[in-house]
Amino acid sequence: MGRDDDSNRLAIEDMSIAGLGRKILPAVAYESIVRKKKERERAKLANLPRLTESDFVDILTNDLRLTSGDVVFVHSSLDHLNLDFPFYRILTLLREVIGPEGTMLFPAYPNHRISSYEYLLRGKVFDIRRTPSYAGLLTEFARKQPTAVRSLHPTKSVSAIGPLAKELTATHQNSRYPYDACSPFYKLTEHQGKIVGLGVWTSRISFAYCVDDAMKEEFPARVYHDRAFAVPCIDYEGKTQIVETYAHNMRIIDAHEGPNFFRTHLANDVCADLTIKGMKFFRADARTFFDDLLALAQQGITVYPRSVYSK
């Protein structure tokens with residue numbers, strides 16, 4: 001959930017099997033399996049009807065229920081969309097739907113094919129202006145827009161475009177827990193935010209971690225490593241700030257039950273995975289999604305199996 005939006009090997013719905021495969025297979029053999037799987041998926045995608053710009057706008061408005069003035073967080077996988085137009089037009093089409101008063105946000109995570117914990121162990125400096133986003137091609141394109149504003153966080157950075165961009169990203173450097181109340185993720189709940197997936201299902205909805213971080217030590221599963229990293233981060237003024245953050249323990253995160261849990265416990269109006277013209281999409285209402293998951297977690301019911309709960 002929320003690691004690399006264009007990478008099949010990191011999809012949570014496959015995570016238990018994929019994680020086991022990575023552990024027991026030689027790296028070359030595992031990469032060969034992943035490569036062949038991607039080839040099969042590309043061949044299948046090529047046989048699907050191509051989405052025109054009109055089709056795409058229809059999906060945004062009628063299926064994903066976006067309207068003028070919306071604050072929307074976008075997860076995406078261009079590898080799983082059969083588009084009949086250049087991918088960069090997606091930003092324009094989103095803007096046409098949400099209008100000049102709307103704000104769009106994108107994950108801008110810097111870790112590529114490794115966990116946040118592994119990334120932080122490498123001791124890299126995060127530069128808000130230069131560190132690329134590896135959360136998918138669309139997210140890097142969004143990050144490079146002249147009007148984009150990026151949050152100062154070394155692992156879970158977010159890019160935002162629109163009138164609320166600065167407000168939503170302004171305090172992320174205060175988030176020792178990356179999805180806490182200072183983060184752009186949680187702030188979606190304060191602005192009637194929506195979360196959508198383009199080419200992906202809710203296995204990628206990183207917003208779900210807001211519940212973990214709201215409860216912190218009271219959350220039933222211990223989802224973070226004990227170590228808090230102090231990371232040098234270069235801000236827009238070229239000054240270095242030290243940002244402290246925890247990193248997820250992927251042994252716990254990999255056990256995430258994801259879409260099946262959401263389908264079982266949340267109403268369709270709150271969160272829904274959709275298949276449209278053979279392609280994956282999802283929509284979620286941030287405030288209700290958070291409230292419902294929080295109420296469940298307070299009862300000891302979470303997206304994690306009880307086998308990984310803290311003793």
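**Entry 1: a pair on the surface side of things**

I started with E244, which is partly exposed, with a relative accessible area of 37%. I kept in mind that this is a predicted model. Next I looked for the partner of E244 and found a salt bridge with R176, where the closest N and O atoms are 2.2 Å apart. E244 sits in strand 8 (residues 240-245) and R176 in the loop between helix 7 (165-169) and helix 8 (184-187), so the pair ties together parts that are 68 residues apart in sequence. R176 counts as partly exposed too, at 34% relative accessibility.

I also noted a network: salt bridges that share partners join D127, R129 and R130.

How many salt bridges does a search of the whole structure find? I got 14. One of them links D70 to K194, with the closest N and O atoms 2.9 Å apart. Because D70 lies in the loop between helix 3 and strand 1 while K194 lies in strand 6, this pair ties together parts that are 124 residues apart in sequence.

Then I turned to helix 6 (residues 137-143), where E140 and R143 are three residues apart, so about one helical turn separates them. Their closest N and O atoms are 2.8 Å apart, and they form a salt bridge. Both E140 and R143 are buried.

I traced an open sheet of seven strands next, and wrote down its order as 4-5-2-1-6-10-9, with mixed pairing. Which strands are at the edges? They are strand 4 (149-150) and strand 9 (271-276), each pairing on one side only.

Inside the sheet, I followed strand 2 (residues 103-107) and strand 5 (residues 158-161), which run antiparallel and are joined by four bridges. Here L105 stands opposite A160 of strand 5.

Helix 4 (residues 89-98) packs on this sheet, touching strand 1, strand 2, strand 5 and strand 6. I noted about 145° between its direction and that of strand 2. Helix 12 (residues 286-297) packs on the sheet as well, touching strand 6, strand 9 and strand 10, at about 75° to the direction of strand 10.

**Entry 2: two sides of helix 3**

My last stop was helix 3 (residues 53-63), whose buried residues are F56, I59 and L60. Seen down the helix axis, they fall within an arc of 95°, so they line one face of helix 3. On the other side, S54 and N62 are exposed. What covers the buried residues includes helix 4, strand 6, strand 9 and strand 10. After helix 3 comes R65, with a positive phi near 60°.

Terms used: Residues numbered from 1 in each chain as written. Predicted model: local features only at pLDDT ≥ 70, side-chain atom pairs only at ≥ 80, totals over all residues. Heavy atoms only, no water. Pairing = 2+ DSSP bridges. Contact = heavy atoms within 4.5 Å. Axes fitted to C-alpha atoms, helices over the stretch in contact; angles between N-to-C directions. Buried < 20%, exposed > 50% of the residue type's maximum accessible area, 1.4 Å probe, protein only. Arc of directions from axis to C-beta. Salt bridge = Lys/Arg side-chain N within 4 Å of Asp/Glu carboxyl O.
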